[in-house]
Amino acid sequence: MDAIHASEFQEIYEKEKDKLNLIDVRTPQEFASGHIPNAVNIDIMDQAFAEEIAKLPREKTYHVVCRSGNRSGSACGYMESIGFKDVINIAGGMLDWEGETE
């Protein structure tokens, strides 16, 4: 699993935000309190997490974020274990994100 710091991801996001596949694995309540624009919320704590992840195309690149980088790291590990080739954990998560939120 690859990981990049939130500040590095911010640079990528600013250049390519419309092309990125960004998954926010926090709870819906956390997501509603502020998230990176264009992120899709798939709560890792939800029973439907595995089912929702399994619906995604495995050949795409995914950036995964949570509050601090722990849950997103777990999500990346799971995604790789079921055949995703390019998943990137955003280390530091939303705690270190300084870009826009919605």
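A residue is called buried when its relative accessible area is under 20%, exposed when it is over 50%, and partly exposed in between, with a 1.4 Å probe and protein chains only. By that definition histidine 63, at 5% relative accessibility, counts as buried.

The structure is a predicted model, in which local features need pLDDT of at least 70 and side-chain atom pairs count only at pLDDT 80 or more, while totals for chains, interfaces and linings use all residues. Residues are numbered from 1 along each chain as its sequence is written, and side-chain values use heavy atoms, with hydrogens and water left out.

**The chain as a whole**

Helices (H or I, at least four residues) and strands (E, at least two) are taken as DSSP runs and numbered from the N terminus. The chain has 5 helices and 5 strands, and along the sequence they follow the pattern β-α-β-α-β-α-β-α-β-α. Its radius of gyration is 12 Å, close to the 13 Å that the globule rule gives for 102 residues, so the chain is as compact as a globular protein of that length; the radius is taken over C-alpha atoms, and the rule is 2.2 Å times the number of residues to the power 0.38. Along the principal axes, the C-alpha atoms fill a box of roughly 30 × 25 × 20 Å. Of the 102 residues, 41% count as buried. Where contact means heavy atoms within 4.5 Å, 66% of the contacts between residues at least 6 apart in sequence join residues at least 24 apart.

Histidine 63 belongs to strand E4 (residues 61–65). Leaving aside neighbours within four places in sequence, histidine 63 is in contact with Ile4, Phe9, Leu20, Asn21, Leu22, Ile23, Ile88 and Ile90.

Aspartate 86 lies in strand E5 (residues 86–91) and, at 28% relative accessibility, counts as partly exposed. With neighbours within four places again left aside, aspartate 86 is in contact with Asp2, Lys60, Thr61 and Tyr62. The side chains of aspartate 86 and threonine 61 are joined by a polar contact of 2.6 Å, a term for a pair of N or O atoms within 3.5 Å of which, within protein, one must be able to donate a hydrogen and the other to accept it, residues adjacent in sequence counting only if both atoms are side-chain atoms. Aspartate 86 and tyrosine 62 are 24 residues apart in sequence, and their C-alpha atoms are 6.4 Å apart in space.

**Aromatic pairs**

Rings of Phe, Tyr and Trp (its six-membered ring) pair if their centres lie within 6.5 Å, and planes under 30 degrees apart count as stacked, over 60 as edge-to-face and the rest as tilted. The count by this rule is 5 aromatic pairs, among them the two tabulated here.

| Pair | Centre to centre | Angle between planes and class |
|---|---|---|
| Phenylalanine 9 and tyrosine 13 | 6.0 Å | 45°, tilted |
| Phenylalanine 49 and tyrosine 78 | 6.0 Å | 50°, tilted |

Phenylalanine 9 and tyrosine 13 are 4 residues apart in helix H1 (residues 6–16), and are therefore separated by about one helical turn. Phenylalanine 9 is buried at 0% relative accessibility, and tyrosine 13 is buried with a relative accessible area of 2%. Ring pairs also link Phe9, Tyr13 and Trp97 into a cluster.

The pair of phenylalanine 49, in helix H3 (residues 49–54), and tyrosine 78, in helix H4 (residues 70–81), links distant parts of the chain, 29 residues apart. Phenylalanine 49 is buried, with a relative accessible area of 6%, whereas tyrosine 78, at 28% relative accessibility, counts as partly exposed.
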